[in-house]
Amino acid sequence: MAEVSYVKASRVYSGNPPVRAVDELSLDVPDGEFLVLVGPSGSGKSTALRMLAGLEDVDEGAIHIGGKDVTNVPPKGRDIAMVFQSYALYPHMTVAENMGFALKLRGVNKAEVRKKVEEAAGMLDLNKYLDRKPKALSGGQRQRVAMGRAIVREPSVFLMDEPLSNLDAKLRVETRANIAALQQRLGTTMIYVTHDQIEAMTMGHRVAVLKDGLLQQCDTPRALYDRPANAFVAGFMGSPAMNLKTVPLTSEGVKLDGLVVPLDRRALDRAAREGLREVTFGVRPESLALVPAHEYGMDMTVELVEELGADALVHGAVRIGNASERFVVRVDGRTPPALGNRVKVAVRGAGEIHLFHPESGLRLTD
C-alpha cells in the first residue's frame, strides 16, 4: 500500500498550438484512499491515470508513489495493477490461469499461485468458474476475472480505467458496489476513472473533477454536491443537473420572472465589490417546489414530465427578462402536474441557492 502524489504533473501533446491534456495537476492521494477521477470526454482523466501507470510520459512536474519519485520508472517497476475498460483476458486460458498468469511469470511456485488465485476468487465469488474459459462467462464475470488478476499481484496501488463501461445498467450498479466493498476490505489505494458522475458520487471517498486537463475541485461527494467550487462542477455533479441561469442582480437579490429572490447580504456585498450587474444563479431541482397559485413564486409552463416512480422531474419554461429559460423541478411522483399546466415554483430556502461569477464561474457564496 502507498500514497500517491501528482506534483504539477503535465502531459503535453505536440501540435500547433500544443495540447495540454493534463495541465499542472497537483493532487495527493493518501494511503488506502479510494479516489475517483471524473470529467467529460477529453477532460484528461484517463491520461492522468496512464501517467501514473507509466503508460504516458510526464512532460512537466513529477509523480510519486510511496514517497518515491517514479516519473521515469517503467510501468513494471511501479508496483501498480491496472484494470482497463476492455477485459484483455487470454481466451485460451482458464479463469484460474488468467488470474495467476502474472505470478507465474514472476516464477512464483504453483502451490502459492493457486492459493492466491483461490483467495481472490473467494472475494469475487468466482470459485465455481475457475476452470472455465472466458467465452463461457458473462460480461460481469469477465470483469471480475480482470479484477482478480489485479488482486493476486497484491500491488500497492490499483488503477481502474472505466472498468464498468461495457456492462448493462443493472450490472453496473451491482459491480460498483462490489468494487467499493472490495477496496474497503483490501484497504489498498485505488484510483478509479469514470465519466459517470453518479458512479463517482457513490464510490469514492473523494472525487476529483477535471475539465480540459485542469483540476476543478477535489473533495468528498457530499461537499462537491453541496458546495461546488465553480459553475462547471455545479452543473456536472448531480443528476439531473443543477439549474444554472445568468440573471440580473438587484440591491436585494436576483431577478427571476419579475420577482426578486432575496440573497445573503455577504453574497450581495461581494457581487457589489466586483461591480457585477448579473450573476449565475444556481438551484438544484430538489431545492425548488411547486406552491399554490396565490403564493410568491415564478410562473412556469410545464413542457415535459419525466415520471421516475417515487419522484417526477418537471421541465418547464420561465421568463427571465426577454428570454424563456427552462427549469427542472423534482416533485412527488404521485401528483405531478400535466403537460401544458401553468404552475408556481419557489425556492425552498435561501440556503439552497448557489451563486457564481458570470464570467469566471467561481463561487460567490460562502
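## The ends of helix H5

In this predicted model, Asp 168 caps the N-terminal end of H5, with a side-chain oxygen placed 3.2 Å from the backbone nitrogen of Lys 170. At the other end H5 is followed by Gly 187, whose phi is positive, near 70 degrees.

Helix H5 covers residues 169-186, and its 18 residues reach 26 Å from the first C-alpha to the last, close to the 26 Å expected at 1.5 Å a residue. Residues are numbered from 1 along each chain as its sequence is written. Local features need pLDDT of at least 70 and side-chain atom pairs count only at pLDDT 80 or more, while totals for chains, interfaces and linings use all residues, and side-chain values use heavy atoms, with hydrogens and water left out.

Arg 172, Thr 175, Arg 176, Ile 179, Leu 182 and Gln 183 are buried in H5 (under 20% relative accessible area, with a 1.4 Å probe and protein chains only). Seen down the axis of H5, these buried residues fall within an arc of 125 degrees, so they line one face of the helix. On the other side of H5, Lys 170, Gln 184 and Arg 185 are exposed (over 50%).

The buried residues of H5 pack against several elements, including strand E3 (34-38), helix H3 (110-124) and strand E8 (189-194) (contact means heavy atoms within 4.5 Å).

## The sheet

An open sheet of six strands runs in the order E6-E7-E8-E3-E9-E10, with mixed pairing (two strands pair if DSSP finds at least two bridges between them). Five bridges join E3 to E8, which run parallel, and Phe 34 stands opposite Met 190 in E8.

Definitions and conventions. Helices (H or I, at least four residues) and strands (E, at least two) are DSSP runs, numbered from the N terminus. The expected span of a helix is 1.5 Å times one less than its number of residues. The arc is that of the directions from the helix axis to the C-beta atoms. A polar contact is a pair of N or O atoms within 3.5 Å; within protein, one must be able to donate a hydrogen and the other to accept it, and residues adjacent in sequence count only if both atoms are side-chain atoms.
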